Each structure stands twice: as C-alpha cells, then as structure tokens.
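Dear colleague,

Please find the structure below, handed over for your own work. A short account of the findings comes after it.

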Amino acid sequence: MTSQVRIERYADQGRCVAHIDGRVVFVRFALPGELVNIRLDEPHDRDDRFWTGEVTEVLEPSDERVDPVWPLAGPLAWGGGVGGADMVHVSIPGQLRWKSSTIAEQMRRLGHVDVDVPVAGVEDDAKRRGLGWRTRIEMIADDEGRPSMRRRESHVRVPLDAMPLATDAVNAVAETEHVWEGGFEPGAQIRLAVPEPRDGQTVGDNHAVLVDGRLRSGSQQLTETMALADGHSYTYTVDAGGFWQVHRQAPIALADEVIDLVRQQIDGAESATIWDLYSGSGLFTLPLASATAPRTRMLSVEGAKTAVRNAQRNLRAIGLDNVDPRTGDVSKTLRNIPNDLAHPDVVVLDPPRAGAKKRVCEQIAESGARSVIYVACDPTSLARDTATLAGLGYELRYIKGHDIYPNTHHVETIALFVR
C-alpha cells in the first residue's frame, strides 16, 4: 500500500512522524516538512495504534536532504535496504540537529527536564560525508561465500566489495586479506577489527579477521592508543571480539570530556575516590587513575571477564596500583566493596544500551557520591535514569551529545549530575 504524506517531526530510530487518516506512521528516510510518497510495511491493514513505512519518492525535499552517500543503505525503492546507515539521506549538520532534538525530547518526556542539548561532530566527519569512521565491521557470508549484509524485509544477502562506513585501515586490511574475494562458509559471521593507526603507526599484525569468532588472520589481542588534550597518552590491550568504541576518534573525544568533567568536580583536591562502572577494558579507568587528583583511589566494575583481564594488564603496564578492578554484575558487586572505596567523590558510568536502571542509581545515591558523570549510548535509557537520579536528589548540571555514529540515528551523550 502506498500513500502520500506530509512529514511532521522527528521520531526515534532515525524515523519521522506522519499521519494517515489519524493514525501515526513512522517513516524511514524522511525529513520534517517534506511531502513524500511512502510504502507501508506489511501487514498494513492490522489494527495497531501505529504503522511504519518507507519513502519511495520525495516530492518536496527538505533543505537538509542529500543524495544517500552510501546508496546500498538507502531506501529499498532506490536499490538500498542493507541497513547500518539510516541517516544517509541527511546532511551532516542536519544529523546533528536531529540528534540534538531527539535527546532533548527524550529528556523532556522521560527525564522530566527541559534542556537544550548541543551535539558535537568529530573532526573530518563532515568533510568525509560521515563515511570512513568504523574501526570494527561485521558481515555475514552469503550463499556464495561472499561477505554480505542482509537486505531489510527479506532473506536476500547483498554481497559487498567494500564498506564505506569503515576506516581506510579496515578497508585496506580487507583488501590485503582477500576478504572481498569470499571463500567463506555460507552463513559464516565475519568480523574485522583494526585499531586506528596514530602518529605514523602502521597496521601490521595489529588487526583481526574473525570468522565465527575464530581468528583467521592478525592478532586476538589488539593494541589501541590515544593521546588526550592534556598531553597524557595511553595504550590499551583489547580483545578482537570484545567491545571498544567503534569510531576512530571516539575514545579520545569521550575520554577528554569525561576527564575534564571529573577534574572540575574534584576542584583541585589532593585526594579523591572514584568509581568507574561498566568499565570495559579501562578506557576511562587509566586516565581517571593517573590524571585527575594527586592521590586517587578507584573501584572499577565490569561484567566481561576478558575485558577485566585486559584492564588489569593495561593498569600494570603503566604501573598503576591504585585501582581495585572487579568482575561481575555492577549492582551485585556494589553490595560488597571495601570501606575505603565505599564513599566515592565522583562516579563515572558507561552502561550498555539498557542503561544503569533504578537499583544501580539507588546504590550510587546510597554511596553519598557528590557527582555522577553518565556516558550514555541511548537517550531513552539516559532519560529514564535521569528521572531516577532526580528523585534521589541529583540535579542535571551539564549535558552534551557526541555524534560518533555519523549516518546513523545513534548518538553518545555525556551528562553531569550533582547532588
């Protein structure tokens, strides 16, 4: 079923809102103010409270519309549909405005605070039109053994001969390791992880091609490096199959801001106690432990055992012994911690997409922490936890978005709460 609609406003997940006969329709590849033809997703005759659909033709375009920079990820009607870049039709400045609006709306609706949310892009992303940023990519082998991505609403796998969202280093490794030539078992899961070379480094063996979780070439343990604005440099060992911020510049952008906020909250104190929750391989742990207060004591908590082992290795490598790294569920771990770490001055948390949730927020409040710095990959979860923290006596003092996922609806947000 096709219809002509006027697009009204932004919604979530890279969609916009329109109406057909009073019923809400969430439309992919649209922009507010546009007049478009859309195709409704099947089944479109169900009695749901809303429908979903996708643009097939743009009759009156927005000034922020651009031709999809990666056509395969564009609308199905234009030969796209592979997913992974649901904002390829939006200019980079337009994407920043969209994400700012989305975060602010979620904070108003679920967090019960009215706040303007600036969103900053990463240097060079606009010049590159939001391409060339992913240091990790995942694909599936099609029936011919070629790397592919599944086309939306079908079982069709579209073969790839490059990945426009990937960094130059990732695409170079894919070429060198003959990834695009195929030869995989049909249905195999293919993952490439290539840390961004910095300061004249070369990739060498510091890459991984994983097939169904098994290393085919490169190294299982990868080395990530970053230099912060304050002149401190850090080196991390991370697992090739584990989590690391995927944008080539994201670790630096996020760590710079988190460390700056922590220093502001410590305000020149000689000593500080800090919690780093959902700490991964220690992205924030290392600079928090070494570059915030002259005497810092830390607790870090992470659920993934491999990540914690790597964090311990990373701490030892630079001689840091002021961190108590723990493995386990965050809420359960916080039930039993040493007295000398039980009352942090600052809590930094970077939870998964579902957020920290009520009990962890309550445990943070029970600890007496004055300041909470929350790094969020999902505005909805952040907004829910904002409402919880507000009920526990914390006030939102600062919030900023980071567009480390260009051409997608995803956005990272850093928020500061003060008791």
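Predicted model: local features only at pLDDT ≥ 70, side-chain atom pairs only at ≥ 80, totals over all residues.

Residues are numbered from 1 along each chain as its sequence is written, and side-chain values use heavy atoms, with hydrogens and water left out.

**Pockets**

A pocket here is an open set of points on a 1 Å grid over the protein atoms alone, with protein on both sides within 12 Å along at least five of seven lines; lining residues have an atom within 4 Å of a point. A volume is the space filled by probe spheres (1.4 Å probe) set on the points, which are joined across faces, edges and corners.

The largest pocket holds about 1100 Å³ of space. Its lining comprises 48 residues, and F243, W244, Q245, V246 and Y405 lie nearest the centre. Strand 8, strand 15 (233–239), helix 5 (305–317) and helix 6 (330–333) each contribute at least two lining residues; helices (H or I, at least four residues) and strands (E, at least two) are DSSP runs numbered from the N terminus. The lining divides into 22 nonpolar, 15 polar and 11 charged residues, where Ala, Val, Leu, Ile, Met, Phe, Trp, Tyr, Cys and Pro count as nonpolar, Asp, Glu, Lys and Arg as charged, and the others, Gly among them, as polar.

The second largest pocket has a volume of about 630 Å³. Of its 25 lining residues, A11, D12, Q13, T102 and Q106 are the closest to the centre. Helix 1 supplies the largest share of this lining, 7 residues. By class, the lining has 10 nonpolar, 8 polar and 7 charged residues.

**The annotated residue**

UniProt, in an unreviewed entry, lists C377 for "active site"; such annotations may be inferred rather than shown by experiment. C377 is in the loop between strand 20 (371–376) and helix 8. C377 counts as buried because its relative accessibility is 14% (buried means under 20% relative accessible area, with a 1.4 Å probe and protein chains only). Leaving aside residues up to four places away in sequence, C377 is in contact (heavy atoms within 4.5 Å) with P351, P352, R353, Y405, V411 and E412. Y405 is also among the residues nearest the centre of the largest pocket.

**Helix 2**

In helix 2 (residues 168–176), A169, V170, N171, V173 and A174 are buried. Their cover includes strand 8 (136–141), strand 11 (189–193) and strand 12 (208–211). H178, with a positive phi near 60 degrees, follows helix 2.

With kind regards

Key:
Buried < 20%, exposed > 50% of the residue type's maximum accessible area, 1.4 Å probe, protein only.
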